[in-house]
Amino acid sequence: MEDLLVIAVGAIFVNNIVLYWFLGLCPFFGVSKKTSTALGMGSAVIFVMTCASAITWPIYTYLLIPFNIEFMRTVTFILVIATFVQLIEMVIRKYKPSLYKALGIFLPLITTNCAIMGVALLNIEKGYSFIGSVVDGFSAGIGFTLALLLMSGIRERLEFANVPRSFQDLPIAFISAALLALAFMAFSGMRL
Amino acid sequence: MIEAVVVIGALGIVFGVGLAYASRKFEVHVDPRVEKISELLPSANCGACGFPACRELAEAVVEDHYLINNCKACDEESWLEICDILGIELGKRKQEIALVACSSGSVDKFEYEGVKTCAAADLIMDGFKACKYACLGFGDCVHACPFGALEKRGSQFFVDFRKCIGCGACIDACPRGLIKIVDKNAKVFVRCNSLDKGKIVAQICETGCTGCKQCEKACEKEAIKVENNLAVIDYELCDGCGSCIEACKFGTIVPVFPSEDAVVSDSEATEKSGC
């Protein structure tokens, strides 16, 4: 139980998927303009990450290891995640059209979101158990959502700030993100 | 080696079949007309129709056919084709354009050094122009136009008739409310929006409307009325004879050249249009 807590806190704060690993930056800047869409995207990523971790772990352990083809894990995970996101897209489109509209292009983009892939590969690298992987995937999703929410809060305020013309919109967002990442660096001093 | 091919191949087949099955099971029925109509719409996403994007108008139009009237950006051909798809008959479209009702002839009352937008300049003492109706000239309208139809030349703004579709995006951008949407076939235009008394206008602006009523007398169709010290043209009655242009001593009333007459080069045509 304690192990899982350590994994969770580690994935959310210390090794935040966006601000520590610098993965999933495309949606991080793309959907962080409004808090509402950030929340939608965040929950989609939490869901996909948890499920992707849960699916990739058994496939790796029970399919790739017995056949001695661990080196194929990247290709396999791409296949698994792409299929899975497609499936989720279909389900959301059918049952939650409003969410589907709100997420727009970013739902299919989760397919190519390196954060999902990164979490799946990191799980294997760190040698987590099945439960550990799922918790890590879920927490990484929470960490992603947290970063997205923080960023959207900042950017909503930046809308009203008097920003020099050449820094307007994306450049100032990059600078804010860098400062945010710097702040998160403080968590790496935590001993877990 | 062979295991890798077999395992990945098998996974691919399983996932492929699974997805194919799921796509059947979770199929969402979309009206095929929506796709066709949204292709015909200009994709400018100008928002003049009241929907944030052209695609959303396409979705709404399938439900309520006459909403297509709201689209001002699409050309005649696609318009007719859309009507065809929807199976409705709509007569000729009314086409409109935006014109800027100020000749920028007013003198300055003080020097303005603030933020270079009309919206900001308008907040300080009714603007820096002596005329409180005058164009402030920072071009908020130019930035607002999704079609790039507005252009600043010297101190005046010109509307390119081939680009302007009368969507009205510039109207909201102008803090002075100077931009008027008029019929595309309009021949003359009062390039002033001042409701000040004639004496004041004459003192601060060379080309402002003083409300002298010379145009009213010159117009045989009685299409011009002076209301609140400003000449107003009723385009329903106006036949474009141009006698008001000659009658106006201040050059406030100017001719409008619609796009069909624009045989001259681009720049000249817009220059001549005067608005």
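Reader: Where does H65(B) lie in chain B?

Author: This is a predicted model, in which local features need pLDDT of at least 70, side-chain atom pairs count only at pLDDT 80 or more, and totals for chains, interfaces and linings use all residues. Residues are numbered from 1 along each chain as its sequence is written, chains are lettered from A and ligands numbered from 1 in the order written, and side-chain values use heavy atoms, with hydrogens and water left out. Helices are DSSP runs of H or I, at least four residues, numbered from the N terminus. H65(B) sits in the loop between α3 and α4 of chain B.

Reader: Leaving aside neighbours within four places in sequence, which residues is H65(B) in contact with?

Author: Contact means heavy atoms within 4.5 Å. L86(B) is 21 residues from H65(B) in sequence, but their C-alpha atoms are 6.7 Å apart. Beyond its neighbours within four places, H65(B) is in contact with R33(B), L86(B) and I88(B).

Reader: At what angle do α2(B) and α4(B) pack?

Author: Axes are lines fitted to C-alpha atoms over the stretch in contact, and angles run from 0 to 180 degrees between N-to-C directions. The axes of α2 (residues 32-40) and α4 (residues 76-86) of chain B are 9 Å apart, at an angle of about 170°. That makes the two helices roughly antiparallel (angles over 145 degrees). The angle is about 170°.

Reader: Which residues of α4(B) meet α2(B)?

Author: From α2(B) come R33(B), K36(B), I37(B) and L40(B). Their partners in α4(B) are S78(B), E81(B), I82(B), I85(B) and L86(B).

Reader: How many residues apart in sequence are the parts that E35(B) and R55(B) tie together?

Author: The side chains of E35(B) and R55(B) form a salt bridge at 3.4 Å, N to O. A salt bridge is a side-chain nitrogen of Lys or Arg within 4 Å of a carboxyl oxygen of Asp or Glu. E35(B) is in helix α2 and R55(B) in helix α3 (residues 54-63) of chain B, so the pair ties together parts 20 residues apart.

Reader: How many salt bridges are counted between chain B and chain A?

Author: The contact takes 15 residues from chain B and 19 residues from chain A. About 1,600 Å² is buried between them, 84% of it from carbon and sulfur atoms; buried area is the accessible area (1.4 Å probe) lost on being put together, summed over both parts. Over all chains, the whole structure has 8 salt bridges. Between chain B and chain A, the count is 0.

Definitions and conventions:
Angles under 35 degrees count as roughly parallel, over 145 as roughly antiparallel, 65 to 115 as roughly perpendicular and the rest as oblique. Buried area is the accessible area (1.4 Å probe) that two parts lose on being put together, summed over both.
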